[in-house]
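Reader: I have a structure open and would like to go through it with you. Could you take my questions one at a time?
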Amino acid sequence: MLENWRRWWRGLSPMRQSRIATFGPAVSVLVFLAAILAAMVYFQLEEQEREREAVVRDVEYAQLQLRQRLQDRRQQLLAIAQDLVQHRIGEFEFNFQGEILISQYPELSGVSWIGSNAVVMASRVAPDAQETPDHEARNALASAARRSAFEQARHQLMPVFVQGDFGPQGGKSLLLALPLTRRELFYGVLLAEFSYEELLRQAVPQQTLARYAVALIDEHGSLLAGVRQDAARSTLRRLPWAMKPPAHRVMLAPEAASLSLQAQAYRTSQDGTGRALFWTLGALSLLTVWMLLANWRHTRRRIQAQQALLSETNFRRAMEDSMLTGMRALDLKGRITYVNPAFCRMTGWDEQDLVNTEPPYPYWPAEDHEAMWKILHEELNGHYSPRGFEMRLQRKDGSLFHGRMYISPLIAPDGHQTGWMTSITDITEPKRVREELGASYERFATVLDSLDTAISVTPLGSVELLFANKMYRTWLGPRGDGHRQLLDLACLAPRPPEAETDDTPSTSAMGSSAEVWLPELEKWLEVRTRYLTWVDGRMAQMVIASDITARRHTEELGAQQAERAQTASRLITMGEMASSVAHELNQPLTAINNYCSGMISRLRRQQISEEDLLGALEKTMKQAQRAGQIIQRIRAFVKRSEPNVTPSDVAQMVGDATELAELELRRHQIRLNTQLAAGLPALMVDPILIEQVLINLIKNGGESIQQAQRPPAQRQVELRVSQRLVEQNPVVEFCVQDTGQGVPPEMLERIYEAFYSTKAEGMGIGLKLCRSIVEAHHGRLQARNLYNPDGIVGCEFSFWIPVSDLPQGDADTITPTPSVGLIAKE
């Protein structure tokens, strides 16, 4: 292609060559101008992107500050609300604490205590806020916004945000309504007013307010506080491509979803330095264009002067110097008449040292002279192979290299043969690579034969064995039938993989695995398959079979040990609760004895009627049933059985577990409060194991309370069951909270270790088993201490079980949890 181009160029007239050559500088000028324009556009876009990123970063930081400030005020107001509900403070204390909050936090313009009948019990407003009848004590709420906040808080029983109209000087404000509830009883509302202007001024950093037009906007786009967006317009837009100042808008908080925080950057006029750089760049660009044009004219003159020299260029020398193959010419007597530079570089000899030399040549190795003479004799007699032949050559420094020589007759323009033309290629490196590949294959085959894993490869749809290592031949023989047998046992029939695309993995990455029992070998094998492209281009399937008999045996032993440990743990738990169970059984048995003694005494005196006798017998039967239920529940709990994962009702599991756990707690005068959310789905679990986890956690909480020697009012264990999302997946969470002495922080990481216990008489296997059971159900168990300013006030153990789809038909047999808001049991 290059030769054709040169011939076409030489065929043109000098005038046409000059015209074509002038296009180069012109194109250079146009490219330079385009580059300058592109650079200016790029830097402008880059500056806008940096400004936009700065706005987004500052607005999001201001959003976090606003959220944190609202959250802090909310927590402080919640503390006052708790004091009001528990009657720890009255109207005077409320006014005092409200005055302190208003004086400390300027954004808080008012705090009101509203009774359950929507009557103002007490109120405190900021000095700069406008008082309304809704701020006066003993007045009913008249404002629509306050009434709406009161009604929403009463119905939802949770804090709500509402926009109001009672800010400083009668402006708009944000209302926060906190319901006063205790045991689901509504006592009123704690209503707080926040000034938008002060909230923006106190929460947003001053640097942000100075750099941006910051504003609070409602859901309709109305300005609540700050600077309007049109006030942040650009000034002195000198350049026609100046862009609109960047702006960003974010929602303030999930609870106040109707509020948005917006900021737009102030853009000032371009400074003197920027203008100077711009005009300097323009001047330099013009100077560069002028220099390019001058160079253009000079190039035209130079091209015209070099036309004669270009026609006389030695094409043969250029071609010789660019070749990588060594060329050598011999006359009919064997004398060297020509060598190219590549041949000289290859042998290390100069052209003067080789031309006109006769055999033996300097590059012949001394030990190969006899073979070289034979090759030269055949060459001169025209006996040569078109495929060439290999030979060893010696460089001037004495080093040897391997070359491949090709011979062809040298024909003169008149058609007569004047000698022989020889081309030589250095094949030292390819030869070394081939030898290393051969050795590498030998090593690879040795490694595969030494593996204790059977490996085989066959084409798709065929039993032809393309490859098999030693272990395969030992186990299954030298034929491909064993390959097919492993696929049939593993139900992994070969199939052609899908066509490879950019969005799918490569063919070699596709595969599957299975565990099979091979009767002939009496072994368990793990069979893995992978598709690959064989060296001849055919699609093939590789099978890798590993002996896992020992691993399967170990897994079976581990499962048996885990089952024994779980059964032993339940027996230990019942043993520790023996005194409580005996006390619980003693009550119905004593009642039965009393009823029977009374009936016998009255029958002997004939002072009992048939109706009284039937009533006494019914009471005796109920007490006997009560004792039988206790014994049946204990028997079902400690009975050893195989793990049985079935669709289980959460309410039934919680009821069975708390019934046994309460036996121990009542003996120590500890209350058990159970809160069970409505509409809980059924779980695919072993109910006995989940009950074991609940009983262990409740029992541990009771023991912690007993060791802490809490007063009667603080001796309680709380069990909460609810549904939530973990990583976007629905789960049912069980939470056991006690008021005991907690777990020392340095021991929290070790409480799940086997045989490690924080109790003097503990065996250290309870929590270890609980965690194993929960993780076996694909859940997670965690613990944390509960704190107040005085220190640890209890501990909370929680675990969750994922909700999985029930098998068809099982969902209809599960009795759903009663559909009420919350089921509480004390």
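Reader: Which residue forms a salt bridge with arginine 473?
Author: This is a predicted model. In it, arginine 473 forms a salt bridge with aspartate 449, and the closest N and O atoms are 4.0 Å apart. The pair links distant parts of the chain, with arginine 473 in helix α14 (residues 470-476) and aspartate 449 in helix α13 (residues 428-450), 24 residues apart.
Reader: How does arginine 473 count in terms of accessibility, buried or partly exposed?
Author: Arginine 473 counts as partly exposed, at 40% relative accessibility. Aspartate 449 also counts as partly exposed, because its relative accessibility is 29%, and buried means under 20%.
Reader: Are glutamate 107 and arginine 69 buried or exposed?
Author: Both glutamate 107 and arginine 69 are buried.
Reader: What about glutamate 198, which residue does its side chain meet in a salt bridge?
Author: The side chain of glutamate 198 meets that of arginine 201, at 2.6 Å from N to O. Both residues lie in helix α6, three residues apart, which is about one turn of the helix. Glutamate 198 counts as buried, at 17% relative accessibility, whereas arginine 201 counts as partly exposed, at 39%.
Reader: Let us turn to the sheets. In what order do the strands of the sheet with β1 come?
Author: Five strands form that open sheet in the order β2-β1-β5-β4-β3, with antiparallel pairing. The strands at its edges are β2 (120-125) and β3 (160-164), each of which pairs on one side only. From one strand to the next, the twist averages 20°.
Reader: Which helices pack on it?
Author: Helix α4 (residues 91-104) packs on the sheet and touches β1 (108-115), β2 and β5 (185-195); its direction makes about 25° with that of β2. Helix α6 (residues 196-203) also packs on the sheet, where it touches β3, β4 and β5; the direction of α6 makes about 70° with that of β5.
Reader: How is β4 joined to β3 and β5?
Author: Five bridges join β3 to β4 (residues 173-182), and the two run antiparallel. Within this pairing, valine 162 has leucine 175 as its bridge partner, and glycine 164 stands opposite serine 173. On β5, 10 bridges join the antiparallel pair β4 and β5, with proline 179 opposite valine 189. β4 and β5 form a hairpin with two residues between them, and arginine 183 in the turn has a positive phi of about 55°.
Reader: Why is β4 described as largely enclosed?
Author: Eight of its 10 residues are buried, so β4 is largely enclosed by the rest of the structure.
Reader: What is the strand order in the sheet with β14?
Author: The order is β11-β10-β14-β13-β12; these five strands form an open sheet with antiparallel pairing. Strands β11 (336-339) and β12 (389-394) are at the edges with a single partner strand each, so one side of each is left without a neighbour in the sheet. The twist in this sheet averages 35° from one strand to the next. Nine bridges join β13 (residues 400-411) to β14 (residues 417-426), and in that pairing tyrosine 406 stands opposite serine 423.
Reader: Lastly, how many helices and strands does the chain have?
Author: The protein chain has 21 helices and 27 strands. Buried residues make up 38% of its 826 residues.

Key
Residues are numbered from 1 along each chain as its sequence is written. This is a predicted model: local features need pLDDT of at least 70, side-chain atom pairs count only at pLDDT 80 or more; totals for chains, interfaces and linings use all residues. Side-chain values use heavy atoms; hydrogens and water are left out. Two strands pair if DSSP finds at least two bridges between them. Helices (H or I, at least four residues) and strands (E, at least two) are DSSP runs, numbered from the N terminus. Axes are lines fitted to C-alpha atoms, for helices over the stretch in contact, and angles run from 0 to 180 degrees between N-to-C directions. Contact means heavy atoms within 4.5 Å. Buried means under 20% relative accessible area, exposed over 50%, partly exposed in between (1.4 Å probe, protein chains only).
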